[in-house]
Amino acid sequence: MPTYALVTFGCQMNQHDSDRIGEVLRRAGYEERPSPEQADLVLLNTCSVREKAEQKLRSEVGRLGMLKRERPSLVIGVAGCVAQQEGERLLKRMPQIDLVIGPDCIPDLPKALIDLELGAPPQVRVGFDVDEPHFLQADPLPGKSPVSAFVTIMKGCDERCSFCIVPTTRGPERYRPAAEIVDEIQRLVAAGTREVTLLGQTVNSYRDPSASLPLAPDAEASPDESEFSALLRSVVERVPNLWRLRYTSPHPRHLTRSLIRAHAELAPLVRHVHMPVQSGSDRVLKRMIRRYTAEEYCARVDALRAVVPNVTLSTDVIVGFPGETREDFEATLALVEKVGFTGVFAFKYSVRPSTPAQRLADDVSEVEKSARLVELIGVADARRRAHLESLVGSVEAVLIEGRRENGALNGRTERNEIVHIPAVDGDWVGQIVPVRIERAFKNSLQAALLDAQPSAPREAHPRAADKGPLRLRVVA
Ligand code: SF4
């Protein structure tokens, strides 16, 4: 049986793509191996959003090239954003590569591998499936499904933020039919999944291509309105044993009235939103083409907080965008303080090929970018630490996601705080359990279980205990 190893660079979306690639390969008769040294095919699933992607790829391909000298039958493939962006050029620059395959061409992977086996020259498949979008289905195995799973609902992006390469590497927005999404979540939950995160580059711009969703309450026509809240309602209604529902990443301009109402009314929708802000300066936001002001962002956060009082927010921020002055940066610091994010993923700006910002002078020095990054991380860390310390002594509901080698349990609260629980016997994984928070660390919490035994398990729906009195129930 042929074997494969997958090496994944980058974001959750890429990890999710790797999971689907693995399923495609396994269906084609391949068996997974933990390392390239043991595999007939090594697929590098690349990301070009922030990293020095090509350098990273070049060094990995160089390493695999040495392996290929010893074992000429080794097939080296490149998937993901760098494959999409560079296509044929990769073969010229790195002749060790046998296969370049873009995210939309993954269903063609088995055929491309057969062609290679039959002696075809190196293969490049990087078209977008614009006319007939295809979404790879998860293949959950009963009892082996992760407690927490990702489900793609859309791909591509129409926003064209000036710093971002995603519209180039992932193409225009394409949406998955609502019935297919619901079906996948039903299958995951039937196989043991308890929490689902809906995935998309601008997940809350979702529209159902099959036009099957009824209009959600408060979803009157407006330029920012989408059918995302209607999809959330459909998922909650049709998958009653889904305990927690998350989504990432939303665009702030689609945090509309109907979505805020969904947060108020849908019990499984968690009290945490990761909503990229990128900058607190209107001048910079305009140059980034983000289509909102800092005040509008804060107004939407306030509207959400008004109906979901304990909601936590995390965000992405870019420092040192072209033209960012000290004053602009201070506006970002002020916004981070004002919103009180419990997580900030901060990055230094670096120019990406084929982006509008490439035409702007990258005029903030590396030294200044690094200094601003350190300052921002300092502010964000202090805020998160204060938040975590405020939870010591409280009782929280934690979804247990796994067990470490030392027997300790790990899980998350609905507000996305990471919780560790010292080693204890019993089948706790996949349960939502009450814990008392005993200690706060820099990024996580330590807690003690309040139940002596795992409760009778997966059929029991802990939603009421999980939510407490804060949330309303589903409105028909
Ligand atoms: S919304 Fe902007 S940052 Fe996000 S994927 Fe689209 S273009 Fe990139």
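Colleague: How many bridges join strand 13 to strand 14?
Modeller: This is a predicted model. In it, strand 13 covers residues 312-319 and runs parallel to strand 14. The number of bridges that join strand 13 to strand 14 is 6.

Colleague: Which strands stand at the edges of the open sheet, and why is one side of each left without a neighbour?
Modeller: The open sheet has 3 strands in the order 12-13-14, with parallel pairing. The twist from one strand to the next averages 10°. Each edge strand has a single partner strand, so one of its sides has no neighbour in the sheet; these are strand 12 (272-274) and strand 14 (343-348).

Colleague: At about what angle does helix 13 run to strand 14?
Modeller: Helix 13 is made of residues 366-390 and lies across strand 13 and strand 14. Its angle to strand 14 is about 175°.

Colleague: What is the radius of gyration of the protein chain?
Modeller: The protein chain has 14 helices and 19 strands. For 476 residues the globule rule gives 23 Å, and the chain comes close to that, so it is as compact as a globular protein of that length; its radius of gyration is 23 Å.

Colleague: Among contacts between residues at least 6 apart in sequence, what percentage join residues at least 24 apart?
Modeller: Of the 476 residues of the protein chain, 43% count as buried. Among those contacts in the protein chain, the share joining residues at least 24 apart is 74%.

Conventions
Residues are numbered from 1 along each chain as its sequence is written. This is a predicted model: local features need pLDDT of at least 70, side-chain atom pairs count only at pLDDT 80 or more; totals for chains, interfaces and linings use all residues. Two strands pair if DSSP finds at least two bridges between them. Helices (H or I, at least four residues) and strands (E, at least two) are DSSP runs, numbered from the N terminus. Axes are lines fitted to C-alpha atoms, for helices over the stretch in contact, and angles run from 0 to 180 degrees between N-to-C directions. Two residues are in contact if their C-beta atoms, placed from the backbone, lie within 7 Å. The radius of gyration is taken over C-alpha atoms; the globule rule is 2.2 Å times the number of residues to the power 0.38. A residue is buried if 20 or more other C-beta atoms lie within 10 Å of its own, exposed if 12 or fewer, and partly exposed in between; C-beta atoms are placed from the backbone.
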